[in-house]
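I opened this notebook to record what I looked up in one protein model. My entries take one topic at a time.

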Amino acid sequence: MLNQKYGFASRLLHRVALGSTRIRQASFELEKNSSAKGPCPKTAPPVFISGLARSGSSILTQVLFSTGDFRSLTYSDMPFVLMPGIWRRISSPFYRDGTLSERTHGDGLEIDLHSPEAFEEVFWLTFLGQKYIKNDCLIPHAVGDITLSHFKQYVSSVQMSCDRPGELRYLSKNNNNILRLPALVDAFPDSVILITFRTPIQQAFSLLEQHRHFSKIQREDPFAKSYMGWLGHYEFGLLHRPFTFNQSVCEYSPDNINYWLSQWLQVYRHVLNTAPVNTIYLCHENLCHHPEMELENLLTKLNISTPYSELSPGYRPVKPKDVPGCSEQLKEECMALYSSLNGADKLS
């Protein structure tokens, strides 16, 4: 996420590249027109990681990316993420291997220029933003054939813009893909969808903490607020807009733990009802307590040959926090759904 070391020139470049829909569309067209004709060489199925924020999707993305089997958008692709090939040729002489530093979330995950991140949403925001981004919420939406064709072209462009063009599988982490899971399979029928989740109270409390944390950052630095909006990140902070799947209005405010429990319940209920058959559900607590068993099982399902012994996953058990003020009814409903998610693997 946002690196607060961004200077004036870098901030200006991000504003130019990401702040205008027309410029984003133009950069996509430039990339498409400059690409080699014909489809990207056939690779193993793409992998799409999604879930409500604070579910462990970032650490899972880092683990899979570290196998060397995947091409994912990284910080080095910013800010012209819709023309990854052109931008790589322009910017690579100026990039150097940087040192790892903790990301803005303050959650212990370290990143550098080559770390994968959730930048794919810029594509969807550019071509469908008005369809799903409403004044006070984000809603599920269908994706038409033209946009699906653009998306397949975009994925091909990302795969071709690396040191091993066309050889690596596409890897995406995007929480907002919850709103369009069927479209991902329409575009790539053999793709695999990974849905991450945590114990509802712990995930809801983490969301509440991040909401307060990013609200403070964005009040102190307007660029941080703009940056999140350009990337389509409405999970928390001053720009927060919840996922909404019906007309009911939540009775709690975002400063209340029950607001985030309600969001957890609504999101994962929708996912469980709409996820395609090629979906794997991954419980963060299980990964933390049994990383070797859980990751070996996942690597097998994804046909990844890298052995667990060559990974440094960084999963560790975390003592649950005591969270007061939770509605007993919400807790009961969330825990019942949590149990269902734990037994809902759709890919054998």
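The entries below concern a predicted model.

**Entry on the sheet**

I began with the strands. Five of them form an open sheet, and their order is β2-β5-β1-β6-β7. The pairing in this sheet is parallel. I then asked which strands are the edge strands. They are β2 (70-71) and β7 (279-283), and each of these pairs on one side only.

I next followed β2 to its partner. Strand β5, residues 169-173, pairs with β2 in the parallel sense, and the pairing runs over two bridges. Within β5, Tyr170 is the residue that stands opposite Arg71.

**Entry on two loops**

I looked up the backbone in two loops. The loop between β2 and α4 holds Pro79. The peptide bond that leads from Met78 to Pro79 is cis, and its omega is near 0 degrees.

The other loop lies between β1 (47-50) and α3 (57-65), and Arg54 has its place there. I noted the phi of Arg54, which is positive at about 70 degrees, although this residue is not a glycine.

**Entry on helices α2 and α4**

I asked at what angle the axes of α2 and α4 cross. Helix α2 covers residues 21-34 and helix α4 covers residues 84-91; their axes come within 8 Å and cross at roughly 90 degrees. Angles of 65 to 115 degrees count as roughly perpendicular, and therefore α2 is roughly perpendicular to α4.

I then listed the residues that meet. From α2 these are Leu30, Glu31 and Ser34, and from α4 they are Pro84, Gly85, Ile86 and Arg89.

**Entry on the cavities**

How many cavities of 30 Å³ or more does the structure hold? I recorded four of them. The largest cavity has a volume of about 90 Å³.

I also looked up what surrounds the largest cavity. Its lining consists of 13 residues, and those nearest the centre of the cavity are Leu52, Glu235, His240, Phe243 and Gln263.

Note on methods
Residues numbered from 1 in each chain as written. Predicted model: local features only at pLDDT ≥ 70, side-chain atom pairs only at ≥ 80, totals over all residues. Heavy atoms only, no water. Axes fitted to C-alpha atoms, helices over the stretch in contact; angles between N-to-C directions. Helix = DSSP H or I, 4+ residues; strand = E, 2+ residues; numbered from the N terminus. Parallel < 35°, antiparallel > 145°, perpendicular 65-115°, else oblique. Contact = heavy atoms within 4.5 Å. 1 Å grid on protein atoms, 1.4 Å probe; cavity = no way out; pocket = protein on both sides within 12 Å on 5 of 7 lines; lining within 4 Å. Points joined across faces, edges and corners; volume = space filled by probe spheres on them. Pairing = 2+ DSSP bridges.
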